[in-house]
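Let's take a walk through this fold together, with the viewer open beside you.

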Amino acid sequence: MQLTSEEQDILAGKHGRSYRKAMEILAALGTIYGAERMVPISSAQIAGVSYDNLGEAGLQFLSDMADGGGQARVLTTLNPAGMDVENWPALGISPEFAEQQQRVLEAFARMGILTTCTCTPYLSGNLPRYAEHIAWAESSAVCFANSVIGARTNREGGPSALAAALTGRTPDYGYHLDENRRPTLTVEVQAHLKETLSTTSSSPENDQNTSMLFGALGKAIGEKIETGGKQSVPYIMLPGPGALDQLPALEDLKSLCASIATYGGVALFHIPGVTPEAASFSLPAERITITQADLDAAVQSMNDASPEEVDFVSLGCPHLSIKEIARLARLLEGQTVTKEFWITTARPTKHLADRMGYTRLIEASGAKFAVDTCCVVAPIKSRFHALATDSAKACYYAYAKNKFKTLFLPFDQVVRQAMK
Ligand code: F3S
């Protein structure tokens with residue numbers, strides 16, 4: 001791997017031990033993956049922020065990097081932490097956990113990293129442009145950056161994203177290279193993404209509830225790809241007019257990105273009319289089809305809880321947009337929730353919800369904002385029995401991490417579950 005003289009100086013420790021450590025991480029990664037050089041990046045996004053995942057060893061690593069003088073050279077934001085940094089007592093977080101989580105965030109802040117704590121950095125000021133090289137870690141955001149924005153990032157780990165933030169560069173391999181961004185597999189979707197399934201009612205308002213179906217689509221595609229056993233770049237052909245008469249909304253795409261990354265390890269897909277590069281490629285010859293039965297099966301597979309078993313409700317995986325919070329405020333106005341109900345979003349989005357009066361309506365119902373965090377990275381193992389959510393990704397981790405059963409429903413029906 002060819003390093004510039006500046007990169008060699010960093011590796012030799014001439015800029016201090018934190019930068020040396022960062023360059024060691026990047027050079028090792030570049031060597032493993034056969035990168036020929038480093039490429040400058042315009043932004044970084046770091047995952048592995050919750051103390052629940054980091055533990056003492058992770059906190060020590062971050063403190064050492066901050067003590068060693070490391071400062072982010074590019075715009076860098078954080079994934080969700082293990083708690084709402086302001087409202088943590090109301091969410092049942094222990095003071096001991098809160099203290100350690102604060103130390104994690106302080107270490108990041110000392111390195112000049114913005115403690116945004118969100119998995120939708122593109123909604124909170126970290127929005128790269130088309131073709132920019134970046135180093136992001138959160139799998140759903142990586143998929144969104146590559147597939148919707150057309151920026152270029154591999155799926156970084158926490159340490160490699162931090163190393164990229166401190167040095168302003170990343171090894172030039174994987175999705176940074178043109179040849180790896182070519183679609184490898186055509187996915188023909190022959191299922192209705194605008195219509196209701198057996199678990200949903202057929203009221204017209206379900207037109208607003210398509211993001212759940214895009215999550216199920218990501219699961220169906222992801223699992224077929226995983227069965228194929230190799231890293232794929234799907235070229236997804238959505239149904240034509242009649243079944244889907246407009247391009248997916250931002251909320252649909254963030255849901256699809258989260259689930260296809262979770263269930264299929266996909267970091268880049270192409271959708272004509274969505275992905276900036278899609279028009280420059282022809283359809284790959286290898287092809288799979290997602291039928292209505294596949295989509296229905298994906299939905300059913302995430303429904304192993306009965307409505308009576310649900311004792312925890314959460315919306316906001318990935319973090320809610322302000323449009324979703326506005327809808328939630330309308331649904332909850334004058335209502336009372338009877339179950340623990342977490343609304344997870346980014347702090348800047350919450351501030352806008354405050355200003356618009358949405359927060360007042362939502363909190364008056366008894367629902368709780370869980371800002372800066374989410375139902376997956378918060379330390380809630382064994383606290384609940386069954387989760388109702390509209391997120392396919394949350395369903396995966398609800399079981400895998402917390403051993404919760406799940407009820408997978410459209411957005412509006414999740415809200416109704418909280419009121420039963
Ligand atoms: Fe975001 Fe947590 Fe889901 S980090 S994508 S809300 S698991």
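Cys 143 is buried, with a relative accessibility of 0% in this predicted model.

From here, turn to the nonpolar interior. In soluble globular proteins, nonpolar side chains tend to be buried together. The largest nonpolar core of this model has 51 residues. Those that touch the most other members are Leu 62, Phe 108, Met 111, Leu 162, Phe 312 and Ile 380. Two or more residues each come from H2, helix H3 (51-67), H4, helix H6 (158-167) and helix H13 (392-400). Leaving aside residues up to four places away in sequence, Leu 162 touches Ile 46, Phe 61, Leu 62, Met 65, Met 111 and Ile 113. There is also a second, separate core, made of 47 residues, including Tyr 175, Ala 220, Leu 256 and Leu 268.

Next comes a sheet. Strands of a sheet pair through backbone hydrogen bonds, either parallel or antiparallel. The one to find here is an open sheet of 3 strands, in the order S7-S6-S8, with parallel pairing. Its edge strands are S7 (234-237) and S8 (287-291), each of which pairs on one side only. On average, and ignoring direction, neighbouring strands are turned by 25 degrees against each other. Between S6 and S7 the parallel pairing runs over 4 bridges, and Glu 188 has Met 237 in S7 as its bridge partner. Helix H9 (residues 292-301) packs on the sheet, where it touches S6 and S8. The direction of H9 makes about 65 degrees with that of S8.

Now for the charged side chains. The structure holds 26 salt bridges, and a few of them deserve a visit. Asp 172 forms one with Arg 37, with 3.1 Å between the closest N and O atoms. This pair links distant parts of the chain, 135 residues apart: Asp 172 is in the loop between strands S5 (169-171) and S6 (185-190), while Arg 37 is in the loop between helix H2 (17-32) and strand S1 (38-40). Are the two partners buried or exposed? Asp 172 counts as buried at 9% relative accessibility, whereas Arg 37 is partly exposed at 42%.

Asp 84 and Arg 347 form another salt bridge, with their closest N and O atoms 2.8 Å apart. Here 263 residues separate the partners: Asp 84 sits in the loop between strand S3 (75-78) and helix H4 (95-110), and Arg 347 in helix H11 (residues 347-356). Asp 84 is buried at 1% relative accessibility, and Arg 347 is buried too, at 12%.

Because they are 4 residues apart in helix H7 (residues 211-228), about one helical turn separates them. Lys 219 is buried at 7% relative accessible area, and Glu 223 is partly exposed at 35%. To finish, look for the network of salt bridges that links Glu 6, Glu 7, Arg 73 and Arg 169.

Notes:
Residues are numbered from 1 along each chain as its sequence is written. This is a predicted model: local features need pLDDT of at least 70, side-chain atom pairs count only at pLDDT 80 or more; totals for chains, interfaces and linings use all residues. Side-chain values use heavy atoms; hydrogens and water are left out. A salt bridge is a side-chain nitrogen of Lys or Arg within 4 Å of a carboxyl oxygen of Asp or Glu. Buried means under 20% relative accessible area, exposed over 50%, partly exposed in between (1.4 Å probe, protein chains only). A nonpolar core is a set of buried Ala, Val, Leu, Ile, Met, Phe, Trp, Tyr and Cys residues joined through side-chain atoms within 4.5 Å. Contact means heavy atoms within 4.5 Å. Two strands pair if DSSP finds at least two bridges between them. Axes are lines fitted to C-alpha atoms, for helices over the stretch in contact, and angles run from 0 to 180 degrees between N-to-C directions.
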